[in-house]
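Here are my notes for your first look through this one. Have the viewer open while you read.

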Amino acid sequence: MKKRAFTGIVFATLVACLIVWGIPSTFARPHEELTFEPIEFKPPVPEKRILSNGMTLYLIEDHELPLFNISGLIKTGDIYDPADKVGLSSIFASVMRTGGTVSREPDALNEELESMAASVEVGMSREYGTINLSTLAEDIETGLEIFADVLRNPAFREDKLELRKQQSIERIRRRNDNPIQLAWRNFSALLYGTDHPFGWYTEIEGIESITVDDLKAFHAKYYHPNNLMLAITGDFDTETLIAQLEKVFEGWESADIAFPDIPTVDPIPEASVNYIFKDLPQSVMLIGHFGIKRTPDFPDFFALRVMNDILGEGGFASRLMKEVREKHGLAYMVGSIMPTSYYTNPGEWFAYSQTRTEKTAEAISLIIDVVKGLRDTPVPEDELQRTKDSLINSFVFGFESSSQIAFQQMMLAYRGYAPDFLETYTDNIAKVTAADVQAVAQKYLHPDALTIVTVGNKANFDRSLDEFGEVNEIEIKQPAPPPAEPMPEASEGDMAKAKEVVAAAVDAYGGLEKLQTVKNIVAEGRATANSPMGPMNLDIKEYLIYPDKLRQDLKMPQGEMSYAFNGTSGFALTPMGTQPLPPEMTAFMKDDIFRQPVWLLASLMKDDDAIQYAGTEEVMGTSVAIVLAPQPSGEVLKIFISEETHYIVKMSFRETEQGVAVNKEVILDDYRDVDGVKVPHHIQQNVEGELFTETRLNSVMLNAELDDSLFQEPK
Amino acid sequence: MKQIRYLLVLCLIALHGIASAQDLSDRVVEHIFPNGLKLLMIKRDTSPTIAPYILFKAGSVDESDDTRGIAHMLEHMLFKGTETIGTKDYEKEKVVLAEIDRIGDALDMERAKGSRADTDKIAELEEALKTQQELAKEWIVTGEYSEIYTQHGSTGFNAGTSVDYTIYTVELPSNKLELWAILESDRIKNAVLREFYVEREAVKEERRMRVDTRPGGKLYEQFMAAAFTAHPYGIPIIGWPSDIAMLNRRKAEEFFRVHYAPNNSVMAIIGNIDIDETIALIEKHFGDIPSQPLPPEVTTEELPQEGERRVDVEFDAEPQLMIGYHKPTLPHFDDYVLDFISAILSDGRTSRFYKNIVEKGIAISVDSLNGYPGARYNNLFVLDGAPRSPHTTADLEAAIYAELERLKTEPVAEKEFKRILKQVDASFIRGLSSNAGMARQLTFYEGIAGDWRYILQWRENIYKVTPEDIMRVAKTYFTKSNRTVGTLVKKAAVAPAGEGTEGSE
């Protein structure tokens, strides 16, 4: 067998002098005859300074390249999200940057940074927040000023919050696309429960409830100089820089922060076997249990590090890789992760694999056997030595750049590692014995109490997952759209007043009898739509048939398109072919037909116990009465009726499109008489307060002869 | 090993600079050995580490019809050891390996008959193969080659196969340079492609992971296949499943013999080195590898596209979009202009896509990439993104076209120009701060552009781009008939019976 190539990098003193050395081995193969010249390396040591406002700095001057970097660390994190607003802190971090500052509009901020090829970025992790600056050395002064501005004076502009919320919601909609993400979300939630910060995940409702005030409160709570550390590296002069920092942070006071209590779990593992259906040719499996919460004095750390490298974190040399991939060809990606740095909770320890469906159970049992092996049998001496050598020899890669070194120092301090952690690291690894590895395996690995999450298609599994325990089948639903806003409670007076307003309107439109004779409406006109590429003109022809049919023919520059809905189902005719309309869209169409003023007023007269009066308002210079009525979808329709003409001048309502609530308005004017009925000829639609379409009708016909084929899908 | 698929977007934009252009040309030391091997070095003493990389100009485009996927498969096999590493006794092992090849071939041939295959014969052969594989285990030391690197403190030990090339990467403490030279030259001279059929299963898993279970991977593969009808750029690097199933050791060895020649490779060693000693060391270990005649370049040319191509991919996932326009590869001047255009469209929060598409809520992501899937031959300018509901891929497509149209008609403002040029220069300087990054850049441009100085010329050319060039290039390439559009479409749910039928009882 091979002999180990005994080489090591040793931290000698506090000045961190690394020595790489080696002795020759006696074996014949060329690589084993090598000796390795010792290398002496004194990595730069960050200088620790405290600003007058309490901010801690780790500084390394590095004049190799004309660059300047700051990595900031804030004591906060996802764990401080309120339970009913999960996702707040990550949205906060994003909008802290995109929302600009009090004195810098977002566009101006972006322009200023990018025109000097600089960046300021804000991030959020489970147990900390980050803020980074990167500039060329020539722009340090401006860079610092902007960095401080973002830290101190973020504006959290409403529109940027709204955009970020929409993006979060879209990501929620997409979160089941990727089987690994799907498995991971459920794995954490199974271990911690969805009411624990380590187990919860964002939902649309929570995201929607986040307000600018929430972001401001989060900032006010955690973003203080005494809660911030900066690792600063690059081409600068320390004393000049300190003076610059004092200046940009002048007047920023430290503050006492009451950190909310984070619930800690009792990490007693419990066996559970979970299955999520996804029709794919490969299963994703996560197998594990609670991880390890680090304590300031954490003697098991080194044996654990060695153990998990042997198990599955040591790349191609690890056991999981060798067994599952190299010997059995059961995976491309396989390994294990053991977090040992969380300080509030133990995190998650897990092994993972992606294996063809027909070998799912085989791969799971192979992984479990590998885990058991570490508990049952001491690690052979050569494997132990190889792993320790690997950790010791690669240690130098933690010191490749000054930014890495400074950041590492700051992080160790943040996480409360022993001050001599780095200096004693290689010695401590070298001391680990096979008995130590087996002891930590027995203490921390529990192959009899594993949480298993498998995403795949069990119809094609090699064996049932029952052999691992009773299977809990998790059903994944596409996030549901939020429920309709209910009608407010109304007094009898409100209802009576509503009837009065509607009755006046019915008269103004031509009288109930007249309105009831209208069986269909055919309108033609020209519309301007605000499309993503600018205003677009289209010719529109609309057929409405009482009570529930609607067809629209659109002529656009790029071709013709039609939508038809027959009261039950619908289809779209496009240049690319015919497609059925999704149920969501047909629901919108039902509401759309319901909103036709002619029929709307008639139906409100008939079914008047559901309507309410909601006061008056000023709309476009006229006083209007507001009437509320439920639409077929359940969403409330707000109708604005002029107190002068008794015409409907505006309607507003909410539509929920694929989980996202959108506020819309329809503005009606240019009322003209058509066969004794008043019909608006100018219709404007706003979406979220912005003009979306504007339509002018040039002809409206009532009770036209219509062909049934309009609503038949072409074969 | 983990291949770097889909061409590493070796962001051109991640290099180059005024201040440092001169610096770089001074710092790169070039040495060509008599056998044609080219060595590029930069001495950088910030830490006692090195990044030695080797690139072979052998990618999936160099395969033939019956060896699709072999470049990538070979890359995996080159981690299996040599005649002295990964074995206890190669002479004895060799006999078993030959038997495994014989049975494996017979098995593949029988399976390839599909429905007409003799299932008894397959079972018999599978049994025989298993027996031989068990026998081989007596001699094989699984994973030893990787273990040696790991033990000596390697990081980033890996390899990647693209359409154009295969690259072998690692970083080591700087006193391990000779170890690297020994191990790498040993694998070029004496590689043994053992455990082939087991690794072939791992490659199939890789394909399932990257393509079959990943919406973006699936779309990319179908999109490329539609965009290229003649040129092998349309064929997936990893190979089609049925091609992978027919790969064997003989084909891998042949590809290895033909393409892994010193005169077809570039080596970069960046870090804490002594230049002269390094040259001597490489000479000592690689100097005796003979140069050899190289196979011809791909001669098949893609015809000009004569009409838009559209491809839908149904998948259990939310919609995504890819659009690609054919264009010439480097060093054509228009390729520089398109690099510039890509920066205008999608670099940063001041970019047009970010401001006019992402901030308008039309998409959660949208990007532009010049030079897919490779750069040795004429390639594509690609735009991709994911719409934000209720917007559809059609909305996103329209929004992208609106931006491309704007490029044709509106001259780019001076402010935008200045910003991009400053970023070009800054990212050049930033690129110099990593050994591994420099090793990758130098091997790539030397291997693919034919000269690492392309990095310097690139910057000069980018500075030559004018607003008129941008309008001209946009008009030339961003045409409907020159584009391919791929859309990931959510698989329609099967509607419960009786729903949506009109007028039936």
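The points below go from the model as a whole to single residues.

1. First, the ground rules. This is a predicted model, in which local features need pLDDT of at least 70, side-chain atom pairs count only at pLDDT 80 or more, and totals for chains, interfaces and linings use all residues. Residues are numbered from 1 along each chain as its sequence is written, while chains are lettered from A and ligands numbered from 1 in the order in which they are written.

2. How far can you trust chain A? Its mean pLDDT (the predictor's confidence in each residue, from 0 to 100) is 89, and 94% of its residues reach 70 or more. Do watch residues 1–27 of chain A, where pLDDT stays under 50. The model still has 81 contacts beyond four places in sequence for that stretch; a contact means that two C-beta atoms, placed from the backbone, lie within 7 Å. Where pLDDT is low, the predicted coordinates should not be read in detail.

3. Next, where the chains meet: 73 residues of chain A are in contact with 69 residues of chain B. Several elements of chain A each supply at least two residues to this side, among them strand 1 (7–11), helix 2 (106–115), helix 4 (158–173) and helix 12 (381–393). Helices here are DSSP runs of H or I with at least four residues, strands are E runs of at least two, and both are numbered from the N terminus. Which helix of chain A gives the most to that side? Helix 4 of chain A does, with six residues. By class, the side of chain A that touches chain B has 29 nonpolar, 23 polar and 21 charged residues. For these classes, Ala, Val, Leu, Ile, Met, Phe, Trp, Tyr, Cys and Pro are nonpolar, Asp, Glu, Lys and Arg are charged, and the others, Gly among them, are polar.

4. Chain A has an open sheet of six strands in the order 4-5-9-6-8-7, with mixed pairing; two strands pair if DSSP finds at least two bridges between them. Strand 4 and strand 7 of chain A are the edge strands, each pairing on one side only. Inside the sheet, strand 6 (67–74) and strand 9 (228–234) of chain A are antiparallel partners over seven bridges. One place to look is A:Ile74, whose bridge partner in strand 9 of chain A is A:Leu228. Helix 1 (88–98) of chain A lies across strand 7 and strand 8 (129–136) of chain A, at about 170 degrees to strand 7. Such angles run from 0 to 180 degrees between N-to-C directions, with axes fitted to C-alpha atoms, for helices over the stretch in contact.

5. Now chain B, which has 18 helices and eleven strands. The C-alpha trace of chain B spans about 80 × 70 × 40 Å along its principal axes.

6. Chain B has an open sheet too, with five strands in the order 7-11-8-10-9 and mixed pairing. Strand 7 (309–315) and strand 9 (363–372) of chain B are at the edges with a single partner each, so one side of each has no neighbour in the sheet. Strand 8 (320–327) and strand 11 (483–490) of chain B pair in the antiparallel sense over six bridges, and B:Gly324 stands opposite B:Thr484. Helix 12 (333–346) of chain B lies across strand 8, strand 9 and strand 10 (379–387) of chain B.

7. Two cis peptide bonds deserve a look. One runs from A:Tyr546 to A:Pro547, with omega near 0 degrees, and A:Pro547 is in the loop between strand 17 (534–545) and strand 18 (549–556) of chain A. Another joins B:Leu330 and B:Pro331; B:Pro331 is in the loop between strand 8 and helix 12 of chain B.

8. Check the backbone at A:Ala117 and A:Phe156 as well. Phi of A:Ala117 is near 50 degrees, a positive value in a residue other than glycine, and A:Ala117 is buried, with 23 other C-beta atoms within 10 Å. Phi of A:Phe156 is also near 50 degrees, in the loop between helix 3 (140–152) and helix 4 of chain A.

Key
A residue is buried if 20 or more other C-beta atoms lie within 10 Å of its own, exposed if 12 or fewer, and partly exposed in between; C-beta atoms are placed from the backbone.
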